[in-house]
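Dear colleague,

Please find the structure below, together with its sequence. My notes on it follow.

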Amino acid sequence: MKLSFYILAHWLEDYEPLTIIDSGACSIDGVRLLSSTTKPKSNLLYVGRSRDFFEDSVSEEILIVHRKEVMSLTTYDLEDVFNKVIEAFEFYAEWERKLFEAASSAKPQQEIIDCCAGVIEPMFFVDLHLNVPAFSKQYGMDTVNENWNDFWQYGTFSFKRFNDMKNSTFMQMFNHTWHCAMYEEPEADYYIHSIMMSQVNREQDLIGQLVYISNEPFEQWQIQLAQTVNHVLSLIESTVPAERNDSAAQFLLKEILTSTTDNLLDNERLRFFQNWEESERIGILCFVPVKPLSNKALLLLAEKIVPFFPESIVITIDDSIVCCLPHSSVKGLERVCCDLAEKSGLVGAVSYFYEGTNNLRCQYRQAKETIPFCSKQSRTFLSFHESALEILAGYVDDKTYQQLCIHPTLNIIKRYDHAHQTQFFATLQTYLQNERSRAKTAKALYMHKNTLVYRLQKLQQLFDLDLDNSYEREYLLFSFRMESNTE
């Protein structure tokens with residue numbers, strides 16, 4: 001490993017070195033004693049007395065020289081200094097070798113951090129779900145800061161610390177790739193100075209961040225050693241993202257779905273973990289085994305489901321496997337779910353998809369309450385839409401749930417009318433309330449029958465409605481009533 005004057009000055013700090021540093025680059029391969037016959041080489045360091053370097057000097061002062069860089073030490077023991085410098089090269093060569101070995105180990109992030117103990121520390125590695133699977137274990141509870149205590153207790157940031165850190169420099173940098181980026185973290189109570197190093201896979205997709213923290217501003221020797229660690233981090237063989245098991249996102253999703261109240265901050269936090277846009281439509285899938293399974297068997301089955309929904313969060317709740325996923329992540333969702341249910345001995349259901357993550361508890365309820373209708377209809381998979389009318393009829397007192405479960409096309413039509421100054425909402429409502437009588441509808445709307453016919457055709461085309469389907473008509477009528485009751 002090539003060293004720099006900064007690293008050597010730190011190694012020799014017991015001798016109180018005074019330095020003149022030119023480039024300070026890590027370009028020094030080894031050390032030699034200076035003699036009258038020495039022909040200097042640009043890649044070597046030379047140790048000698050002042051009189052060895054300057055013809056007119058009689059000083060016994062020990063100097064270390066590399067090109068235009070000079071270090072003066074407060075000692076006259078030349079042999080001791082020379083041996084100390086050799087120790088530096090040997091130590092860092094061995095340190096580098098161990099780092100390279102760590103990069104190919106089973107747990108490379110933890111092994112790399114362990115190698116850095118006593119060299120540059122403390123460090124922690126955080127994956128894309130804000131899990132912290134590796135950190136400097138020699139630093140115990142209450143030795144660093146509140147974040148560190150969370151790493152020991154939860155293996156991630158606690159909800160309190162996440163709230164505190166939400167607008168932190170760390171969070172702003174977290175989803176980007178860095179090569180030894182230095183920053184200060186004002187949201188940390190101690191160890192506010194940080195260097196962030198990114199781990200990426202072969203496709204250059206971000207895997208996680210290795211962060212080196214300090215109570216004091218970083219010195220140049222620390223930055224240079226961190227650059228060595230950053231290089232080793234890039235050698236870790238990885239073709240897939242970090243492990244998803246027991247992720248912070250999974251833990252948080254379970255908290256959201258099993259809570260009795262909505263916490264919008266938790267919902268936003270989940271969206272942050274998954275890097276979902278606010279406009280992304282998110283839904284909930286729920287699968288239940290046809291025959292009861294043990295918890296272990298259910299977990300194994302959940303793991304097998306993950307590859308079918310690669311951008312989802314998959315958890316188990318009681319006897320159910322639950323997937324939270326963006327609508328754009330799976331093509332042919334119903335076909336995929338039907339095949340999966342049949343082959344795995346499951347029955348399943350999917351909720352409506354809403355923008356953002358603020359309705360997850362309601363969506364979980366939609367999917368869960370739809371599953372009993374699978375056996376009634378001899379189906380392995382249903383959408384909430386197919387059972388919504390019967391489910392909603394039983395919740396006349398739960399206005400919030402009803403509003404979220406009314407026919408989704410009504411809100412789409414409302415937005416379209418507002419944007420285009422049309423009257424499709426009123427037309428559809430009047431048409432259904434008049435039992436599809438064109439004459440009565442045209443009279444109620446004060447329009448010609450031909451105009452109504454054209455508008456109804458346009459309405460069905462624009463919003464993909466089948467008004468010949470009796471279930472669809474009943475569901476729409478019920479939804480119009482719910483709309484009226486809340487106005």
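Helix α4 (residues 108–115) is mostly covered, with six of its eight residues buried; buried means under 20% relative accessible area, exposed over 50%, and partly exposed in between, with a 1.4 Å probe and protein chains only. Helices (H or I, at least four residues) and strands (E, at least two) are DSSP runs numbered from the N terminus. The buried residues of α4 are P108, Q109, Q110, I112, I113 and C115. They pack against α3 (78–103), α8 (220–233) and the strands β6 (123–127), β7 (134–135), β9 (193–200) and β10 (206–214), where contact means heavy atoms within 4.5 Å.

Please note that this is a predicted model, in which local features need pLDDT of at least 70 and side-chain atom pairs count only at pLDDT 80 or more, while totals for chains, interfaces and linings use all residues. Residues are numbered from 1 along each chain as its sequence is written, and side-chain values use heavy atoms, with hydrogens and water left out.

The largest pocket has a volume of about 870 Å³. Of the 28 residues lining this pocket, R281, H327, Y352, F353 and P408 are the closest to its centre. On a 1 Å grid over the protein atoms alone, a pocket is an open set of points with protein on both sides within 12 Å along at least five of seven lines, a cavity is a set where a 1.4 Å probe fits but cannot get out, and lining residues have an atom within 4 Å of a point. Grid points are joined across faces, edges and corners, and a volume is the space filled by probe spheres set on the points. Helix α17 provides the largest share of the pocket lining, five residues. By class, the pocket lining has 13 nonpolar, eight polar and seven charged residues; Ala, Val, Leu, Ile, Met, Phe, Trp, Tyr, Cys and Pro count as nonpolar, Asp, Glu, Lys and Arg as charged, and the others, Gly among them, as polar.

The count of cavities of 30 Å³ or more comes to one. The largest cavity has a volume of about 120 Å³. Its lining comprises 15 residues, with F124, N147, M165, E185 and I213 nearest the centre. Helix α5 gives the most to this lining, with three residues. The cavity lining divides into eleven nonpolar, three polar and one charged.

Yours sincerely
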